[in-house]
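Please look over the sequence and the structure before reading on.

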Amino acid sequence: MLLHDTSLIFSRYVRQTLRSRFQIFFGILMPLLYLLFFGPLLTSLPLGSNGDSWQVLVPGLLLQLALFGASFTGFSIIIEKGTGVVERMRVTPVSRLALLLGRVLRDALLFMFQAVLLVIAALAMGLRAPLPGVLIGFAFVGLLTISLASLSYALAMKVRTPQEFGPVINSLTMPAMLLSGLMLPMTLGPAWLDVLSHFTPFRYLVDAVRDAYVGSYATAHMLYGVLVALAFALLAVTAGTRVFRSAGA
């Protein structure tokens, strides 16, 4: 029943997404602008990392896409609460976990598609990365989307208006982006900032994807990245499910 219910919810939101080309393509705009206008500035700079500047920047942009895109998905459920959609779903016997999974799996599919478009653009600009590394990057985008979308929906179920939701998300995503080394390796900064960045889970994901983009798969960064991504996803989905169950009680 969980698989059946999840597929129903997933299909509903996929159809909804396919009717909105704006939603499909506009989310990639910010990472694409960074790629076009920020990437060329790094080509002649020593970044203190394995690989060239594109192999440093593109993994960060992929995870930036998931970070900002998935964190703001909760806006949609605030709108649905206001129009009564959530209440109508609550009175059905559908699994509360399926109500969450159907949404986050749609989000993961959407942002992985946008990640593919971003990588294609990066290849046109000079990125060279092994295919297994690129696929590993997409997997990390999917896991991070599932994690952050679950937490975003959980927060959205707790607040009443977008005016309450937006500032909270902004106050969390900006420090996460700055401390995770999405744009530049944190080793370029002072030692205290590098140490502080290890307290954010995103740092481990960024390091893992950058290793994958240079063809290094059996590394400590990759191991830590996989473990953190899986643990974060499990905790986020568990927390999101609890909120959905309590909200429907």
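How much space lies in the largest pocket? The largest pocket holds about 660 Å³ of space. The model is a predicted one, and the points below are grouped by topic.

**Largest pocket**

- The lining of the largest pocket consists of 25 residues. Gln23, Gly69, Phe72, Thr73 and Phe111 are the lining residues that lie nearest the pocket centre.
- Two or more lining residues come from each of helix H1 (2-18), helix H2 (21-26), helix H3 (29-37), helix H4 (53-71), helix H5 (74-83) and H7.
- H7 gives the largest share of this lining, with five residues.
- By residue class, the pocket lining has 14 nonpolar, eight polar and three charged residues.

**Cavity**

- One cavity of 30 Å³ or more is present in the structure. The space in the largest cavity is about 50 Å³.
- The largest cavity has 10 lining residues, and those nearest its centre are Val86, Arg90, Leu99, Met157 and Phe244.
- Helix H6 (85-90) and helix H7 (96-125) are the elements that give two or more residues to the cavity lining.
- Six nonpolar residues, one polar residue and three charged residues make up the lining of the largest cavity.

**Helix H11**

- Helix H11 spans residues 201-213 and has 13 residues. From its first C-alpha to its last, H11 reaches 19 Å, close to the 18 Å expected at 1.5 Å a residue.
- H11 is largely enclosed by the rest of the structure, because 11 of its 13 residues are buried. Buried here means under 20% relative accessible area.
- Gly215 follows H11 and has a positive phi, near 85°.

**Nonpolar core**

- In soluble globular proteins, nonpolar side chains tend to be buried together.
- The largest nonpolar core in this model has 67 residues. Val58, Leu62, Leu63, Leu67, Phe140, Leu144 and Tyr213 have the most contacts inside this core.
- Which residues is Val58 in contact with, leaving aside its neighbours within four places in sequence? Val58 is in contact with Leu35, Ala122, Leu127 and Tyr213.

Methods
Residues numbered from 1 in each chain as written. Predicted model: local features only at pLDDT ≥ 70, side-chain atom pairs only at ≥ 80, totals over all residues. Heavy atoms only, no water. 1 Å grid on protein atoms, 1.4 Å probe; cavity = no way out; pocket = protein on both sides within 12 Å on 5 of 7 lines; lining within 4 Å. Points joined across faces, edges and corners; volume = space filled by probe spheres on them. Helix = DSSP H or I, 4+ residues; strand = E, 2+ residues; numbered from the N terminus. Nonpolar A, V, L, I, M, F, W, Y, C, P; charged D, E, K, R; others polar. Expected span 1.5 Å × (residues − 1). Buried < 20%, exposed > 50% of the residue type's maximum accessible area, 1.4 Å probe, protein only. Core = buried A, V, L, I, M, F, W, Y, C linked by side-chain atoms within 4.5 Å. Contact = heavy atoms within 4.5 Å.
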